[in-house]
Amino acid sequence: MSKFDGQATKSLLDKNLITENQYQEINAYRNLNIFSLNAELKLFLYLSVLLFTSGIGILIYNNIDSIGHIAILSLLLLAIGICFYYCFKNSKGFQKQETAFEHPVVEYLALAASILTCIFIGYLQFQYEPFGTNYRLATLIPTIVSFFCAYYFDNKSILTIAITGLAAYVGLSVTPQDLLNNSNFYQDQTLSYSAIILGVLLILWTIYSSKIQLKTHFNIIYLTFALHIISIATISSLFDYFEYGIWFFFLLVLAGSSFYFYKISHELKAISLYVFMIVYAYIGLNIFLIRIFENINFSDVWVLFIMILPIYFIGSILMFIKLIKKFNKEIAA
Amino acid sequence: MIVYDKNLLDNLALVEEAKSLESAGFISKEQKNLIKKELPAFKRQSNILVRLGFFLLGAFLYLSICGVIALIGLTGSNSEGFFFSICCYIFAAIGFVGAEFLANQKYYGHGLDDAFILGALLNVRFAIAITTEGYEIQVALFVAVASFFMYRRYLHLLSLLVFCLAAAGVLFFAMFEFDIGKTILPFVAMLASAAFYFLTKRIINNLKISYYYSGLLLANSFCLVLFYLSCNYLVVRELSLTLLGSEVLPGQDIPFAIFFYAFTFIVPVVYLVQALKTKDRMMLWISFLAIGFSIYTIRFYYSVLPIEVALTCGGLVLFTIAYFSIKKLKDKEVGLTFKPDRINNSNTILNAEALIVASAFGMKPEAKVPDSPMDFGGGGFSGGGSEGTF
């Protein structure tokens with residue numbers, strides 16, 4: 001809050017850009033002198049959930065043999081029960097649209113409950129192996145629970161856990177750090193096919209859920225995951241695969257997904273999707289260009305190549321500026 | 001000194017104000033668009049992702065231009081050594097020219113200009129380091145001068161941050177010149193940051209032109225951070241270990257240990273109380289960070305509790321504090337409140353929540369124990385970075 005905000009409002013009034021009435025209203029609000037701790041306190045709640053569940057996780061992991069299993073399990077179950085009790089008591093039940101709890105604390109209790117449930121099932125599996133050695137099944141159960149909680153309590157954080165669980169079921173690790181480090185595809189190239197299929201399935205789910213108007217505000221999360229999963233899988237395959245036919249297939253997939261996300265980002269007015277789509281498409285394009293130039297003998301023309309580089313980058317910058325401008329214009333319209 | 005058209009800067013402030021009024025619901029979207037159309041504006045990217053993208057592209061462009069010049073210089077000149085000694089000056093000059101060119105084209109806060117301004121500063125640093133053979137105080141001095149120039153001319157906030165760091169560097173390296181300097185360094189730094197804090201505060205209060213407001217606020221906050229760090233126990237002890245080479249034997253402690261301990265705990269609390277009293281959001285956030293760092297300081301030397309118990313209890317305590325604060329503030333309408341502020345809301349931080357959860361608790365496939373607590377890196381809050389904004 002600075003005096004210059006008030007000055008700016010005044011000069012908006014002087015230039016006749018806002019009405020006298022609006023100015024009075026704004027001034028009256030400013031004079032309330034509100035200092036809101038909303039974001040800060042919510043962040044505290046959030047941090048407390050993260051700290052608490054991490055603490056419990058480590059506690060169980062370290063003492064997995066020493067404390068009685070039944071004791072741990074019943075304690076966990078008790079904590080989960082308390083959290084869920086409050087959540088269900090305060091929730092308005094399942095709604096198709098975006099909803100919010102009346103009390104902000106409950107939202108974080110729901111998050112704590114679902115993380116604790118995941119820990120509980122993980123512990124159960126480790127100790128008693130109720131699902132045998134079928135680890136995929138053991139991943140699927142927490143995923144289903146998380147999906148249920150995410151949809152029932154309308155919680156985006158839980159939804160991301162659920163999606164990472166779904167990907168883990170397929171065999172992928174899609175936590176942001178792993179996606180950035182591109183650690184999935186080094187060992188097993190066939191994973192990129194599963195990744196692409198998973199991404200497509202996520203996209204299909206968003207199409208279906210917007211058709212039946214089910215939690216349409218979740219779409220952007222699904223699409224963000226889909227964009228990153230598909231693009232990173234195809235790009236890493238473009239780097240590694242050299243068989244001509246397969247390589248071309250991945251190029252087509254990247255082109256197709258870029259085209260789809262180009263359209264959908266306009267529809268959702270989501271600049272984050274748009275920017276990442278452009279970045280991935282640009283990387284793909286550069287790989288394509290390099291593959292074409294590979295056949296030329298570089299030792300003769302590298303001087304020319306370095307001379308051309310600045311022009312190439314200026315060209316790219318102009319193109320990017322044009323693309324962003326176009327996007328901003330179209331979503332404003 | 002400011003290269004930009006003053007009218008455009010004024011317009012920028014007006015458009016920003018209109019934007020926040022629109023999101024607060026005081027004016028309609030059509031009105032905001034009308035205001036935006038009415039006032040000519042800079043070429044500017046307010047979205048951080050887009051700005052980052054243009055920054056990267058600008059950096060590529062800068063690098064490629066430098067590459068061309070290096071190529072010409074190496075093939076054209078007779079002695080390579082001479083070229084190497086001046087190349088960084090040439091690169092820095094390119095940065096200045098690029099920044100000036102972009103500013104004349106009305107680029108402000110666009111990402112491209114950031115790349116050239118910061119690139120020029122980096123090259124100034126290298127150039128001086130090569131000429132003086134790495135004499136730190138001169139490097140810091142020249143970088144400080146250059147970055148201050150950049151700030152005054154282009155109102156570039158990141159340059160001002162560089163200036164603050166470089167100025168602090170000048171102070172430190174100057175103290176190293178004297179024998180006694182290393183010993184009294186914490187106190188000098190503390191006094192200097194306190195002096196500059198009150199100086200900047202005074203300037204802000206008497207400020208007539210709005211262009212420098214955010215820069216002064218940044219410098220002011222930097223002084224607060226430096227003040228806390230200057231006499232923090234952990235910082236002082238580790239620095240005295242590296243600078244003076246004095247080992248702290250078991251049963252002993254650094255001189256004035258009680259003062260530093262007291263400082264580590266009192267200052268964050270003072271910040272917190274003062275921030276709530278003066279309704280200063282910047283100070284509030286700094287006080288949160290300072291409290292966190294004070295706890296880390298203690299845990300660094302004394303393992304009071306095992307990590308898992310500390311985390312669990314910390315979570316419970318934090319939850320209780322937040323719960324009761326919310327309960328107390330929930331129904332207040334004026335002053336300190338839990339109701340979201342219509343005009344200045346800091347919700348952006350909450351939008352990152354989902355991302356943090358995914359980084360910290362995301363499930364991983366077919367590990368030996370699925371969902372085992374192995375995945376729960378207690379401190380993995382930093383992952384992700386610019387992955388996406390929901």
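## Phe55(B) and its surroundings

Phe55(B) makes contact with Gly111(B), Asp114(B) and Ala115(B), leaving aside residues up to four places away in sequence. The model is predicted. Phe55(B) sits in helix 3 of chain B. Within 10 Å of Phe55(B) there are 19 other C-beta atoms.

A second residue gives a sense of distance. Arg125(B) is 70 residues from Phe55(B) in sequence. In space, the two C-alpha atoms are 20 Å apart.

## Chain B overall

Chain B contains 15 helices and one strand. It has 390 residues, and 32% of them count as buried. Take the contacts in chain B with a separation of 6 or more: 60% of them link residues 24 or more positions apart.

## The side of chain B that touches chain A

On chain B, 85 residues are in contact with 93 residues of chain A. Several elements of chain B each supply at least two residues to this side, among them helix 2 (29-38), helix 3 (48-76) and helix 14 (348-351). Helix 1, helix 15 (353-361) and strand 1 (336-337) also belong to that group. Helix 13 of chain B gives the most, with 15 residues. By class, the side of chain B that touches chain A holds 49 nonpolar, 24 polar and 12 charged residues.

## Helix 1 against helix 1

Two packed helices are described by the angle between their axes and the distance between the axes. Here the partners are helix 1 (residues 3-14) of chain A and helix 1 (residues 6-24) of chain B. Their axes come within 9 Å and cross at roughly 95°. The two helices are therefore roughly perpendicular.

From helix 1 of chain A, the contact uses Asp5(A), Ala8(A), Thr9(A), Ser11(A) and Leu12(A). Helix 1 of chain B answers with Ala13(B), Leu14(B), Glu17(B) and Ala18(B). The residues of this contact divide into five nonpolar, two polar and two charged.

## Strand pairing between the chains

Strand 1 (residues 35-36) of chain A pairs with strand 1 of chain B. The sense is parallel, over two bridges. Phe35(A) stands opposite Leu336(B), which is in strand 1 of chain B.

## Helix 3 of chain A

Helix 3 of chain A covers residues 38-62, 25 residues in total. At 1.5 Å a residue, helix 3 of chain A should span 36 Å. Its end C-alpha atoms are 36 Å apart, so expectation and model agree. Helix 3 of chain A is mostly covered, with 19 of its 25 residues buried.

How values were computed. Residues numbered from 1 in each chain as written. Chains lettered and ligands numbered in written order. Predicted model: local features only at pLDDT ≥ 70, side-chain atom pairs only at ≥ 80, totals over all residues. Helix = DSSP H or I, 4+ residues; strand = E, 2+ residues; numbered from the N terminus. Buried ≥ 20, exposed ≤ 12 C-beta atoms within 10 Å, placed from the backbone. Contact = placed C-beta atoms within 7 Å. Expected span 1.5 Å × (residues − 1). Axes fitted to C-alpha atoms, helices over the stretch in contact; angles between N-to-C directions. Parallel < 35°, antiparallel > 145°, perpendicular 65-115°, else oblique. Nonpolar A, V, L, I, M, F, W, Y, C, P; charged D, E, K, R; others polar. Pairing = 2+ DSSP bridges.
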